[in-house]
Amino acid sequence: MSTRIKTIELFLALGFVATVGTQVLATNAHESDTMLEAQATTNYSLMAQGGEGTHGSEGTHGGEAAQGGEAAQGGEGGEGGEGGEGGEGGEGGEAATGTGNPDVDYMTVLGLMKGHLNAAQELIAAKNYVEAEPHIGHPVEELYANIETVLPQKGVKDFKPTLNQLHDLIQSAPESPEVQTLLDESQASIDGAIAAIPQEQRNSPEFVIGVMVEMLKTAATEYQAAIANNQFVEVVEYQDSKGFVDYADELYQTVAEQKSQTDPEGHKTITESLAELKTAWPSIEPPAAPIKEPGEVLGLVSQIEFSK
């Protein structure tokens with residue numbers, strides 16, 4: 001087993017210390033989300049700079065990765081802190097976990113962006129524009145800086161302006177038809193950035209499952225952060241985690257057939273664990289009480305990781 005301290009484990013450890021000894025955790029959903037994503041983003045940032053991925057840049061501080069570890073500067077900014085200024089914190093540790101594989105880290109950041117926008121799409125469909133807004137803001141405010149310098153290296157056109165236009169519009173004219181147009185363009189741009197990864201890797205079960213596991217770890221962290229006293233107190237984090245799990249499942253479907261042929265037992269475990277995991281998120285709005293304890297969610301994610 002890797003000696004690298006996994007982002008989620010570090011977050012959980014620090015979380016207990018912060019809760020008991022200090023008041024470091026954010027006092028509202030916006031700040032807490034930022035702190036979460038900052039951790040992952042920072043790690044990716046350091047990886048991009050050739051630093052120790054897991055160490056982080058103290059991303060958790062600065063809540064917003066971009067702030068904390070100046071991910072944007074570092075080159076591939078990091079993952080969790082989603083680049084941006086902090087605003088909505090980020091993905092709990094969202095992507096940049098410093099896996100040692102730059103393409104896995106890059107794809108994880110993009111996957112987190114997809115998860116955010118997918119959550120926003122569900123909320124927009126329900127005409128819940130207020131809750132959709134932070135999920136549209138996170139990709140550009142907290143994650144984009146993590147890959148900003150990598151995109152031109154991969155021949156990918158800068159799509160930050162589109163993300164910014166979408167974020168501005170969801171705040172100023174949320175019912176405008178142009179919101180959906182820009183949302184579709186943003187999704188297509190992210191897909192284009194994903195397509196820059198060599199096809200051989202994108203079709204590899206090992207690569208795809210590696211990305212999926214990093215996304216699920218982030219989802220588990222967000223899920224835990226959303227709960228207090230057996231209630232969901234941070235709706236944004238709950239929705240973040242749902243978006244990440246749904247997209248991780250979507251990713252797995254692209255290699256599920258291959259996995260079933262080369263590793264039937266592993267495929268069975270992953271399929272069953274994903275199905276069980278998804279029951280924790282029955283809808284985009286959280287249930288009155290958690291269906292699964294954070295420990296159960298972490299356990300299912302671990303089963304998937306050990307089966308990759």
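**Figure 1. Contact between E305 and K217.** In this predicted model, the side chains of E305 and K217 make a polar contact at 3.2 Å. A polar contact is a pair of N or O atoms within 3.5 Å; within protein, one must be able to donate a hydrogen and the other to accept it, and residues adjacent in sequence count only if both atoms are side-chain atoms. E305 is found in helix α15, residues 294–306. Helices (H or I, at least four residues) are DSSP runs, numbered from the N terminus. E305 counts as buried because its relative accessibility is 15%. Buried means under 20% relative accessible area, exposed over 50%, and partly exposed in between, with a 1.4 Å probe and protein chains only.

Residues are numbered from 1 along each chain as its sequence is written, and side-chain values use heavy atoms, leaving out hydrogens and water. The model being predicted, local features need pLDDT of at least 70 and side-chain atom pairs count only at pLDDT 80 or more, while totals for chains, interfaces and linings use all residues.

Figure 2. A salt bridge is a side-chain nitrogen of Lys or Arg within 4 Å of a carboxyl oxygen of Asp or Glu. By this rule the count is 11. One of them joins K242 and D246, 2.7 Å from N to O. Both residues lie in α12 (residues 235–253), 4 residues apart, about one turn of the helix. K242 is buried at 8% relative accessibility, and D246 is partly exposed at 24%. Together with E122, K242 and D246 are linked in a network of salt bridges.

Figure 3. K278 forms a salt bridge with D249, with the closest N and O atoms 2.8 Å apart. This pair links distant parts of the chain, with K278 in α14 (residues 264–278) and D249 in α12, 29 residues apart. Another salt bridge joins K292 and E276, whose closest N and O atoms are 2.5 Å apart. K292 lies in the loop between α14 and α15 and E276 in α14, so the pair ties together parts that are 16 residues apart in sequence. K292 is buried, at 8% relative accessible area, whereas E276 is partly exposed at 36%.

**Figure 4. The two sides of helix α8.** Helix α8 covers residues 160–172. Within α8, T162, L163, L166, H167, L169 and I170 are buried. They cover an arc of only 165 degrees around the axis (taken from the directions from the helix axis to the C-beta atoms), which puts them on the same side of α8. D168 and S172, on the other side, are exposed.

How values were computed
The expected span of a helix is 1.5 Å times one less than its number of residues.
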